[in-house]
Structures are given as structure tokens and as C-alpha cells.
Amino acid sequence: MQIRKGTADDLPEIRAISERTIELGCLVEDLDETTSIHARSVIEMAVDAFSASVQSDNHSVYVAARDDNLLGYVVAIHDAPEIRWIVVDPSAQGTGAGKALMIAALDALAERGVRSNVRLTVPAANERAKAFYRKFGFMVTGPINDQKVPMIEMQRAA
């Protein structure tokens, strides 16, 4: 597996990974009609964020790839500091792709002097993701209100 900077050429695979993640319920538990509409908007937000971030000096964007196939992606915002998107294709979960992406994002932030107070959000029902983030020192800091899918914020102290 290799970790490399993401590019605009990755967008078709970024969309496909995001769609598979939603379809298999990795972000939300039940896809009723309302949630399905929201899920589609989340896919568009992810693709748009990736596209804008690869052109921004304030973002670090990495993809995990194996044999020219993307396994996942991460977007880190430097001045926030925040891990905005970290998504691993369901077929690649458990392969170390998420860990490698998180390390790349945290290293990119550290290179800019950011070693603590990094935030991220996660669906409240996604216990697997929360456990993953805890391994990197993230702790739940509270709920995020006004979301269609219940979300929580997590923050890394050091």
C-alpha cells in the first residue's frame, strides 16, 4: 500500500468510495428515504471538499492506494485544525489503510506545528470509527446539534 497526495484525477474513485461507504451503512445505520437523501448530499459534500482541498494551501489531502486502486482518502485542514474527511472503502477496512491515512494527516498537521487540539466529527452511532479514533488519542468532546444524522465531536489533546 502506498500513501500519496490526492489529485483532481482521483475524483471519480473518491466518489465511488464515498458511495460504497454510504451504501453499506458505514456512516449511518438505517437508510430510510430521508436519510438516503441526506446520504447523497454527504457524498456530494465529500467530493466537493476533496476537489477544493487538493487546490488549497490550507489543506493536506492524501489517498491510500494499492495497485493503482484507491482504498481511501483523508482531508486535513491546517488552520482549524481538523480532520475533515477520512473515508476507507468498506472492502479495504481492516487493511491498515485508515491507520496509514490518519498518520499521514496527523504528520502533515505536525509539520505545520499543530500537535494538539485537532478535531473531527463522527456519526454518533459509528462505534467502530470512534474506537479507531480513540487509538490516536481522540476523545469525545460532545454532540453536534442541528445535524440530520446525530454526530459527535472528538478532539485530540496531544
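Contact here means heavy atoms within 4.5 Å.

## Basis and confidence

This is a predicted model, in which local features need pLDDT of at least 70, side-chain atom pairs count only at pLDDT 80 or more, and totals for chains, interfaces and linings use all residues. Residues are numbered from 1 along each chain as its sequence is written, and side-chain values use heavy atoms, with hydrogens and water left out.

pLDDT is the predictor's confidence in each residue, from 0 to 100. Its mean over the protein chain is 87. In that chain, 88% of residues reach 70 or more. Helices (H or I, at least four residues) and strands (E, at least two) are DSSP runs, numbered from the N terminus. Confidence is highest in strand β1 (residues 2-5), at a mean of 96. Confidence is lowest in α2, at 78. Where pLDDT is low, the predicted coordinates should not be read in detail.

## S53 in helix α2

S53 belongs to helix α2, which covers residues 33-53. Its relative accessibility is 5%, so S53 counts as buried. Buried means under 20% relative accessible area, exposed means over 50%, and partly exposed lies in between (1.4 Å probe, protein chains only). Beyond its neighbours within four places in sequence, S53 contacts H59, V61 and V75.

## A97 in helix α3

Helix α3 spans residues 97-111 and includes A97. A97 is buried, because its relative accessibility is 0%. Residues up to four places away in sequence aside, A97 touches M1, A64, L71, V88 and A92. M1 is 96 residues from A97 in sequence. In space, the C-alpha atoms of A97 and M1 are 7.6 Å apart.

## One side of helix α4

Helix α4 runs over residues 127-134, and its buried residues are A129, K130 and Y133. They cover an arc of only 100° around the axis, so they sit on the same side of α4. The arc is that of the directions from the helix axis to the C-beta atoms. An α-helix has 3.6 residues a turn, so residues three or four places apart point the same way.

What do the buried residues of α4 pack against? Their partners are β4 (82-88), α3, β5, β6 (138-144) and β7.

## Salt bridges

Side chains of opposite charge can pair when their charged atoms come close. A salt bridge is counted when a side-chain nitrogen of Lys or Arg lies within 4 Å of a carboxyl oxygen of Asp or Glu. The count comes to seven salt bridges.

One of them joins R15 and E44, with the closest N and O atoms 2.6 Å apart. This pair links distant parts of the chain: R15 is in helix α1 (residues 11-23), E44 is in helix α2, and 29 residues separate them. R15 is partly exposed, at 27% relative accessible area. E44 is partly exposed as well, at 35%.

## A network of four residues

E82, R84, R119 and E153 are linked in a network of salt bridges. R84 pairs with E82, and the closest N and O atoms are 3.1 Å apart. Are these two residues buried or partly exposed? R84 is partly exposed, with a relative accessible area of 41%. E82 is buried, at 9%.

R119 and E153 also meet in a salt bridge, at 3.1 Å from N to O. R119 lies in strand β5 (residues 118-123) and E153 in strand β7 (residues 151-156), so this pair ties together parts 34 residues apart in sequence. R119 is partly exposed, at 27% relative accessible area.
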